[in-house]
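Visitor: I am new to this one. Could you walk me through how to read it, feature by feature?

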Amino acid sequence: MSENTPAWASSTTWKKVAIWVTGGSFVVLILLTFDSLSKTNPGAGKVPTYSVINQEIDYRMDEAKKHYMPVIGKDAPLFGKALSEQDAEALVALGKKTVQAKNCINCHTILGNGAYYAPDLTRAWLDPNWRSPAEREALMLAFLKDPQPTAVTFGSGRRMPRLGITDEEAHGVVAFLKWMSAIDTNGFPNNFKTINHQED
Ligand code: HEC
């Protein structure tokens with residue numbers, strides 16, 4: 001390096017800049033990680049606690065926010081039995097593990113991850129194809145355990161294979177799908193007609 005090299009062009013300056021930028025980005029990344037966790041942990045911000053499966057869940061246009069939002073309503077315990085936070089967490093966890101073990105996202109999308117061969121499952125709990133809130137739980141359980149004879153057709157023109165899901169696992173999957181439908185996903189998917197409000 002010659003003596004007349006200006007400071008901005010010297011390699012020492014750029015090494016220092018590189019170190020500060022890397023260090024600074026690292027700190028920002030850590031702050032963002034904690035910020036995201038504070039919003040995505042169950043019970044914090046956008047994700048409900050697991051016991052939300054004891055409530056009625058809907059999905060409606062929020063005029064102030066200008067996008068669809070989950071709406072938690074009156075008591076409506078899943079399978080007719082209100083669960084403690086701990087028991088609800090265990091049931092949802094069983095469902096989530098089943099969904100992972102059977103690789104549902106090979107065909108479906110869940111919270112933006114997965115494939116579009118089959119319907120998006122993020123709001124599957126609210127799909128009007130389950131006919132009515134009174135019939136839904138039984139229809140979902142039957143469908144998950146043996147999809148072909150019990151399909152209520154979700155408009156895909158495709159068929160879901162039998163995945164060897166046990167009765168207990170099916171209950172977990174339904175709990176997982178109900179819990180997931182109460183997650184605030186910033187309005188995605190949009191324009192969704194729910195089983196409770198088929199008129200809009
Ligand atoms: C090989 C592809 C495939 C896999 C893997 C698969 N599905 Fe499906 N699933 C489908 C297809 C196709 C449909 C639509 C059936 C129809 O239209 O009648 C469907 C429909 C559904 C529906 C109804 C959709 C709605 O809107 O309510 C649910 C719920 C569902 N699947 C859950 C699951 C779960 C849970 C798993 C994993 C345990 C899974 N699926 C794995 C292909 C698949």
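Guide: Axes are lines fitted to C-alpha atoms, for helices over the stretch in contact, and angles run from 0 to 180 degrees between N-to-C directions. Helices (H or I, at least four residues) and strands (E, at least two) are DSSP runs, numbered from the N terminus. This is a predicted model, where local features need pLDDT of at least 70, side-chain atom pairs count only at pLDDT 80 or more, and totals for chains, interfaces and linings use all residues. Residue numbers start from 1 along each chain as its sequence is written.

Visitor: At what angle do the axes of α3 and α5 cross?

Guide: Helix α3 (residues 133-145) and helix α5 (residues 167-181) have axes that cross at roughly 125 degrees and come within 9 Å. α3 and α5 are therefore oblique to each other.

Visitor: Which residues make that contact?

Guide: Two residues are in contact if their C-beta atoms, placed from the backbone, lie within 7 Å. Here α3 brings E137, M140, L141, L144 and K145, while α5 brings D167, A170, H171, V173 and V174. For classes, Ala, Val, Leu, Ile, Met, Phe, Trp, Tyr, Cys and Pro count as nonpolar, Asp, Glu, Lys and Arg as charged, and the others, Gly among them, as polar. The contact of α3 with α5 has six nonpolar, one polar and three charged residues.

Visitor: How do α2 and α5 lie to each other, and what residues meet?

Guide: The axes of helix α2 (residues 85-101) and α5 come within 7 Å and cross at roughly 100 degrees, so α2 and α5 are roughly perpendicular to each other. Among the residues meeting there are L91 and V92 in α2, and F176 and W179 in α5. This contact of α2 with α5 divides into eight nonpolar, four polar and two charged residues.

Visitor: Which residues come nearest to the ligand?

Guide: A residue is near a molecule if its C-beta atom, placed from the backbone, lies within 6 Å of it. Of the 25 residues around the ligand, C104, C107, A118, R158 and M160 come nearest. The shell has 16 nonpolar, five polar and four charged residues.

Visitor: Where is the cis peptide bond?

Guide: The cis peptide bond joins F188 and P189, with omega about -5 degrees. P189 sits in the segment after α5.

Note on methods. Parallel < 35°, antiparallel > 145°, perpendicular 65-115°, else oblique.
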